[in-house]
Amino acid sequence: MRLAIQIPCFNEAEQLFATLRDLPKHVDGVDEILVVVIDDGSTDATCQIAAEFGVSRVICHSVNRGLSEAFSSGLDACLALGADIIVNTDADGQYPGDAIERLIDPIRCRRADIVIGDRNPGTNGEFSWFKRRLQCYGSLIVGLLARQPIPDAVSGFRAFSRTAAIRICLLTRFSHTIETILQASHHRLAIEFVPIEVARSVRPSRLASSSLTFVFRQAVTILGMTLLYRPKWLFAPPALLLIAIGGLPIFRFLVLWSFGNGDGHLQSLVLAGVCVLASLGLFGLWALAELIVFVRRLLEEILQTVREQRYRPSTSSSITLDCEGIGIDSLRVLRM
């Protein structure tokens, strides 16, 4: 069994070496451990430190593309290296390296396709009171959409089976955390949570400038994923509400008209007609969205087949440093 540990980085030269040193050198049941560093357009020496440490592969983006694209680049690289299990961790040392063995255990035992490290955000002393409340409410909403309890929706400490990594196809550029959960629910992949202890953060998060910005961008992600995978949750409630609001005045008018008292109700009939037409429009959008969901499901099946063929395990041991725009075409490095 081959385990790949991927680390997305952006200007992490100060913390990367300690994070790499903390990674496990041996895990029971694992024949080989690979380390992949994704340098997402850093302006410091992140890429050079990773290469000097001797990681299995370094992916260097020429510009900062965002956490989601860095995560996707890492998945592709790990799959190309023939990884059976892929672990994603942060470069700031927040997640302990010795927890990786517990993180991958449900995948090795075939209980789960995706395992997420649960930081217990509701009581975590590293978070402020405001952040704890946001984490809990956000995880509750994601859990409702995913149809299962989600104690820590935005934890970046995760393990993926090879099957799950092939099926994940991210659309957003902000963060992979919520989207991967909702996609896993859509694909009926088993998700499990493992309690972990986290270290004190040595720097503010670079993902968003403030907690409100983070909440807004994650809310946009949730809205987009709901529209993409479960459009009835967005269109059905307002459509049914409008048709009920419009139907009541029409029913009232018909009752009055049947008793010969149908004059003087023009305003209510106009309002009812507007509501009914609006509800019909929403039903039409719902039907169109369901067709798009069907087409996307077909495209995902095609993409899965293509990726399975592209990332068939090979016996090649060639290890390269892939760089874009930093003047390095190919550099051989040593396995960790």
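How do the residues of the lining of the largest cavity divide into nonpolar, polar and charged? They divide into three nonpolar, two polar and three charged. In that count Ala, Val, Leu, Ile, Met, Phe, Trp, Tyr, Cys and Pro are nonpolar, Asp, Glu, Lys and Arg are charged, and the others, Gly among them, are polar.

Before going on, some ground rules. This is a predicted model, where local features need pLDDT of at least 70 and side-chain atom pairs count only at pLDDT 80 or more, while totals for chains, interfaces and linings use all residues. Residues are numbered from 1 along each chain as its sequence is written, and side-chain values use heavy atoms, with hydrogens and water left out.

Now the cavities. On a 1 Å grid over the protein atoms alone, a cavity is a set of points where a 1.4 Å probe fits but cannot get out; a pocket is an open set with protein on both sides within 12 Å along at least five of seven lines; lining residues have an atom within 4 Å of a point. Points are joined across faces, edges and corners, and a volume is the space filled by probe spheres set on them. The whole structure holds two cavities of 30 Å³ or more.

The largest cavity has a volume of about 50 Å³. Its lining includes Ile166, Cys169, His187 and Glu300. Helix 10 gives the largest share of that lining, four residues. Helices here are DSSP runs (H or I, at least four residues), numbered from the N terminus.

The second largest cavity has about 40 Å³ of space. Leu145, Leu182, Met225, Thr226, Tyr229 and Arg230 line it, and helix 8, residues 211-229, supplies the largest share, three residues. By class, this lining has four nonpolar residues, one polar and one charged.

Last, the second largest pocket, with a volume of about 340 Å³. Of its 15 lining residues, the closest to the centre are Arg147, Ser185, His186, Arg188 and Arg230. Helix 7 and helix 10 each supply at least two residues of the lining, which divides into six nonpolar, three polar and six charged residues.
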